[in-house]
Amino acid sequence: MAGVMITVLLCLSAGAMLGVRGEDPYLFFTWNVTYGTRSPLGVPQQAWRASLINGKNAKGDGKDEPLFTMKPGKTYKYRICNAGLKNTLNFRIQGHTMKLVEMEGSHVVQNVYESLDVHVGQCFSVLVTSNQAPKDYYMVASTRFNKQVLTAKGIIRYTNGKGPASPELPEAPVGWAWSLNQFRSFRWNLTASAARPNPQGSYHYGSINITRTIKLVNSASREGGKLRYALNGVSHVNPETPLKMAEYYGIADKVFKYDTIQDSPQADIAHAKIVSQPNVLNLTFRNFVEIIFENHEKSMQSYHLDGYSFFAVAVEPGTWTPEKRKHYNLLDAVSRTTVQVFPKSWAAILLTFDNAGMWNIRSEMWERAYLGQQLYASVLSPARSLRDEYNIPDNTLLCGLVKDLPKPKPYSI
């Protein structure tokens with residue numbers, strides 16, 4: 001089936017999949033939910049922060065243009081992304097339910113939801129059928145787990161609609177126990193006809209032996225009047241010579257040290273003194289690893305891993321111990337790229353580090369990532385083969401300690 005994508009204003013991409021002989025049953029839209037700063041007097045006011053849907057927030061005065069239009073009786077596929085910097089958002093559509101079909105590249109069991117908590121950095125795809133009375137409806141995105149709730153609205157309009165959207169907005173759930181239970185309802189669709197991650201030649205990730213367990217505990221410090229965030233007591237700072245460049249040129253020992261943090265940090269690591277330095281883990285190529293994110297703070301956390309999808313097997317309250325593995329979903333956990341950690345809780349992910357490179361593990365709260373709550377996973381292939389990793393491009397700009405060094409021997413087949 002041939003298809004086209006039409007780019008619309010405000011980072012909104014909308015497209016109708018067009019077939020030669022027939023009409024596709026779905027229309028596809030993307031919503032980017034972000035935060036903004038209002039300027040009522042022409043000067044940005046921090047206290048007037050607002051959530052936005054594709055850069056807009058409907059005023060509700062009857063003059064709002066629709067973000068999307070829907071034909072009665074059609075089913076639409078919407079992709080919802082939390083592209084904000086800090087807050088979890090609850091998304092819902094007035095008078096309509098959403099059938100979840102995809103999450104961060106994975107097909108999921110198609111459960112129906114009235115609303116979805118979308119944590120920072122996460123993306124969901126849902127099917128929405130236009131089966132209600134023809135008029136305007138609000139889509140709503142509101143912040144969660146904050147004392148001050150910021151709400152964004154956008155208009156969906158039926159093509160033959162008559163009448164404005166109701167001013168009574170659907171309410172968001174209260175508390176994070178609801179959000180935790182929603183996470184538990186997400187399941188990988190094992191019958192979907194599409195490629196899936198295939199760690200070590202098996203779909204049965206629950207039967208693969210774990211070769212290394214790494215527990216990462218986030219913390220914060222204002223020592224010396226400077227705010228820093230850390231993982232296992234180390235606040236990452238980028239060296240003058242990029243990490244991967246130093247590794248490729250064989251001078252890593254002059255730029256950073258591997259494994260400066262412990263895989264199992266001491267019990268009081270969340271309150272320990274924070275050290276600012278490069279934070280790099282040395283991961284063995286193709287090992288199957290368990291990573292625990294433990295959050296001792298009262299705020300939400302969200303983490304992303306570059307270069308990989310992982311199995312988010314558990315998110316639970318309290319602190320992690322090996323006995324908690326009995327709570328893991330070892331059958332159909334969703335393969336994804338981000339995972340949330342609730343206050344005073346932990347999350348566990350499983351993955352095979354089979355993609356050679358230098359990969360970032362970071363907080364999706366960008367203030368935290370910028371101020372050190374991130375690290376890098378170095379995955380080196382001992383074969384130095386092009387089957388595992390490409391050579392550095394010839395036009396790469398060199399800097400730091402490698403600026404005047406000759407190029408190392410290239411990888412080969």
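1. In this predicted model, a polar contact of 2.8 Å joins the side chains of D136 and R157. D136 lies in strand 13, which covers residues 136-143, and D136 is buried, since its relative accessible area of 9% falls under the 20% cut-off. When residues up to four places away in sequence are left out, D136 touches Q94, I155, I156, R157, G163, P164 and A165, so that R157, the polar partner of D136, is also among the residues that D136 touches by the contact rule.

2. Apart from neighbours within four places in sequence, H96 is in contact with M70, V128, T129, S130, N131, Q132, Y137 and Y158.

3. Y137, one of the residues in contact with H96, also takes part in a contact of another kind, as the charged end of K135 sits over the ring of Y137, 4.5 Å from the ring centre. A further arrangement of this kind involves Y138, where the charged end of K153 sits over the ring at 4.9 Å from its centre.

4. Turning to the aromatic rings, the count comes to 16 aromatic pairs. Among them, Y248 and Y249 have ring centres 5.8 Å apart and planes at 65 degrees, and the pair is therefore edge-to-face, given that planes over 60 degrees apart are classed in this way. Y248 counts as buried at 10% relative accessibility, and Y249 counts as buried at 9%.

5. The rings of F293 and Y303 have their centres 4.3 Å apart and their planes at 15 degrees, so this pair is stacked, the cut-off for stacking being planes under 30 degrees apart. The pair links distant parts of the chain, with F293 in strand 20 (residues 288-295) and Y303 in strand 21 (residues 301-305), 10 residues apart. Both F293 and Y303 are buried.

6. Ring pairs also link F68, Y76 and Y78 into a cluster.

How values were computed: Residues numbered from 1 in each chain as written. Predicted model: local features only at pLDDT ≥ 70, side-chain atom pairs only at ≥ 80, totals over all residues. Heavy atoms only, no water. Helix = DSSP H or I, 4+ residues; strand = E, 2+ residues; numbered from the N terminus. Buried < 20%, exposed > 50% of the residue type's maximum accessible area, 1.4 Å probe, protein only. Polar contact = N/O pair within 3.5 Å; in protein donor to acceptor, adjacent residues only side chain to side chain. Contact = heavy atoms within 4.5 Å. Phe/Tyr/Trp six-rings, centres within 6.5 Å; stacked < 30°, edge-to-face > 60°. Lys NZ or Arg CZ within 6 Å of the ring centre and 35° of its normal.
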